[in-house]
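Welcome, and thanks for taking a look at this chain with us. Please have the viewer ready and follow along, one topic at a time.

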Amino acid sequence: MTFYNADPVRFGVGISGTTTSLGANDPEVGTKTRVGDEEYVFVYNAGNSQISPTYGAVLSAVTGYSVTISSVAGDLLAGVCKNATIATGEYGWLVTKGFAVVEMNADYSAAAGNIMALAADGEFDIKSGAVPSLGKAMEAIASAGSGSAYISVN
């Protein structure tokens, strides 16, 4: 049986890596890939703060797939940093679909099964009103704590 795969071959910056400059073998910004049951997008951190694991990032509106951690409540999520901190001016990968540990905002907590939304500065809260949903808490997460969630960004 023949197996076909449309995913790009990943040379250069791997899923757990970052870089400050793109080499000939690195993916282009906006490249999407799948590792196991997780989907990722390759981005550039154009913000003024690093994006640490457990935090979400939003499009910075500078160029396509340039992101920042500076979000407001209900913002549209670009992805969650899962494997390696993406410093300011670095390229790296964000998970867009799959399981990740997320950081809850100090003013919110989630019960297992709650639908989640983005809060301020890359943290998360539970969905309320018309804000976009981005995933589901897989366990109870205390305010200002972190816990497992299933992320699903369109």
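## Overall dimensions

The chain has a radius of gyration of 15 Å, which agrees with the value near 15 Å that a compact globule of 154 residues would have. This radius is taken over C-alpha atoms, and the globule rule is 2.2 Å times the number of residues to the power 0.38. Along its principal axes, the C-alpha trace spans about 45 × 45 × 25 Å.

## About the model

This is a predicted model, in which local features need pLDDT of at least 70 and side-chain atom pairs count only at pLDDT 80 or more, while totals for chains, interfaces and linings use all residues. Residues are numbered from 1 along each chain as its sequence is written, and side-chain values use heavy atoms, with hydrogens and water left out.

The mean pLDDT (the predictor's confidence in each residue, from 0 to 100) is 90 for the chain, and 92% of its residues reach 70 or more.

## Strands and contacts

You will find 10 strands and zero helices here. Both are DSSP runs numbered from the N terminus: helices are H or I with at least four residues, strands E with at least two.

Of the contacts (heavy atoms within 4.5 Å) with a separation of 6 or more, 56% join residues 24 or more positions apart.

## Burial and surface

Of the 154 residues, 43% count as buried. Buried means under 20% relative accessible area, exposed means over 50%, and partly exposed lies in between (1.4 Å probe, protein chains only). The chain exposes about 7,700 Å², of which carbon and sulfur atoms supply 51%; accessible areas come from the Shrake-Rupley method with a 1.4 Å probe, and for residues only the protein chains shown count as cover.

Leu22, Val29, Leu59 and Tyr65 make a nonpolar surface patch of about 310 Å².

## Two residues with positive phi

Tyr65, also in that patch, sits in the loop between β3 and β4 (66-68). Its phi is near 65°, a positive value in a residue other than glycine. Tyr65 counts as partly exposed because its relative accessibility is 33%.

Asp121 lies in the loop between β7 (115-118) and β8 (124-126). Here phi is near 55°, again positive in a residue other than glycine. With a relative accessible area of 47%, Asp121 is partly exposed.

Terms used. Patches are made of residues with over 30% relative accessible area and no salt bridge: like charges are joined within 9 Å, nonpolar side chains (Val, Leu, Ile, Met, Phe, Trp, Tyr) within 5 Å. A salt bridge is a side-chain nitrogen of Lys or Arg within 4 Å of a carboxyl oxygen of Asp or Glu.
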